[in-house]
Amino acid sequence: MTTLLDGYRDHVVAAHKQPLFLLLVGFITSFVFIRFSVRMIRAKVRWWPGNVTPGGLHIHHMVFGLGFLLLGGIGVFATYGGHPWIDWFGLAFGIGCGLVLDEFALILHLDDVYWSEQGRKSVDAVIFGILFTSLLLVGYVPFGVVPGEETRWGLVTIISVNSLASVITLLKGKVWTGLLGIMVPGLSWIGAIRLARTSSPWARWRYASRPRRRARALRRERLLHRRADRARTWLFDLIAGAPDKVPANHPAAHRVAERMAARATAHLDAHAARALARRQARLADRRSAAATGTAGKSRGAADEAAGAVEAGPARSRLAQQRRRTVRAGRIRALAVGPTGLESRPERHPRLRTHTRRIAR
């Protein structure tokens, strides 16, 4: 016990990090308490007080968190950061961070998704906040600069490279590797070099024109990440509780079904537009070939040679027109928003869809 107290005095109090340490303590304590509270309320335990509902209005705990944030932030400026007020206000600010970030998913979606799959973003935000605060507490502040000593530029470079690697890892969809890489530099570098997950922003930006790399990412997703996702789901269920299973008649299920149906309809319309563009291009080629043949028969032998010379540019122009038509059909087919809820374009009256029958 004496060793712990001596280490606290040397590494926290003497280094002027006690307000940051109390902020981290308040952060973790408020998150653990509020998660325990909501799980007791969800289990309908009789001896637990329950939700705060004055007049039938349910007040979320992020409202109390905003109050603690305002108290801590304004109090530091009001007291000029003097002791011991800065320690107490740091503790209040940490409590507010835990209460607000626990409902980060509600703020992001502007919907009550606390016990759904989208609510897991709150746990990600809390873990990221705790790791970032721990990094500031353990490491040098700021970036290896210690008062009274020279700047260690080598340490500054390592921290900068590690931060860039952590950002790339997060863009590749590897949330846990990127968050843990903030504390362990080599881990984020490995995540930045390896392939991205197929649903990540990096895969949408970089793998769209690289089918082989996208196929490798899909194989790795099926083989490796499925086990990691199961372990992550188990850990999140242990920390925050399992999400609710959405029934088939739930409004959220209807919204998801409508989005999927709209995307399927947009895909069919895109296929029809591409087929129409190809058919129009073939008809244009046939008409041009027929016109060229009729003109050749009516002319003499001398005119046939001149017509053959002039047919080359005409054919090239027709080929360019055909490519433009097909490209326009593709652009018109692919002009679908991310949600797939745009108005459906009208089909061409002459376009027919043929269904091949399978002989049994």
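User: How do the residues lining the largest cavity divide into nonpolar, polar and charged?

Analyst: In this predicted model, the lining of the largest cavity comprises 6 nonpolar, 3 polar and 2 charged residues. The lining is made up of R35, Y114, W115, S116, G119, R120, V123, A240, G241, A242 and P243; Arg counts as charged, and Gly is placed among the polar residues.

User: What makes this space a cavity, and what is its volume?

Analyst: A cavity is a set of points where a 1.4 Å probe fits but cannot get out. The search of the whole structure finds 1 cavity of 30 Å³ or more, and the largest cavity, with a volume of about 50 Å³, is lined by residues that include R35, R120 and P243.

User: Why is K172 called buried?

Analyst: The cut-off for buried is under 20% relative accessible area, and K172 has 5% relative accessibility, so K172 counts as buried. K172 lies in the loop between α7 (153-171) and α8 (175-183). Leaving aside neighbours within four places in sequence, K172 is in contact with G191, A192, I193, R194, L195, A196, R197, S200 and W202.

User: How do you know that the span of α4 is close to what is expected?

Analyst: The expected span is 1.5 Å times one less than the number of residues. Helix α4 (residues 85-101) has 17 residues and reaches 24 Å from its first C-alpha to its last, which is close to the expected 24 Å.

User: Which residues of α4 are buried, and what covers them?

Analyst: The buried residues of α4 are D87, F89, G90, A92, G94, G96, C97, G98, L99 and V100, and what covers the buried residues of this helix includes α2 (18-42), α3 (61-78) and α5 (104-109). Over the chain, 27% of the 360 residues count as buried.

User: How many helices and strands does the chain have?

Analyst: The chain has 13 helices and 0 strands. Among its contacts between residues at least 6 apart in sequence, 62% join residues at least 24 apart.

User: What is the average pLDDT of the chain, and where is pLDDT below 50?

Analyst: The average pLDDT of the chain is 77, with 72% of the residues scoring at least 70. Over residues 140-144 the pLDDT is below 50, and this stretch has 10 contacts in the model beyond near neighbours in sequence. Over residues 332-342 pLDDT likewise stays under 50, and the model has 15 contacts for them beyond four places in sequence.

Key. Residues are numbered from 1 along each chain as its sequence is written. This is a predicted model: local features need pLDDT of at least 70, side-chain atom pairs count only at pLDDT 80 or more; totals for chains, interfaces and linings use all residues. Side-chain values use heavy atoms; hydrogens and water are left out. Helices (H or I, at least four residues) and strands (E, at least two) are DSSP runs, numbered from the N terminus. Buried means under 20% relative accessible area, exposed over 50%, partly exposed in between (1.4 Å probe, protein chains only). Contact means heavy atoms within 4.5 Å. On a 1 Å grid over the protein atoms alone, a cavity is a set of points where a 1.4 Å probe fits but cannot get out, and a pocket is an open set with protein on both sides within 12 Å along at least five of seven lines; lining residues have an atom within 4 Å of a point. Grid points are joined across faces, edges and corners, and a volume is the space filled by probe spheres set on the points. pLDDT is the predictor's confidence in each residue, from 0 to 100.
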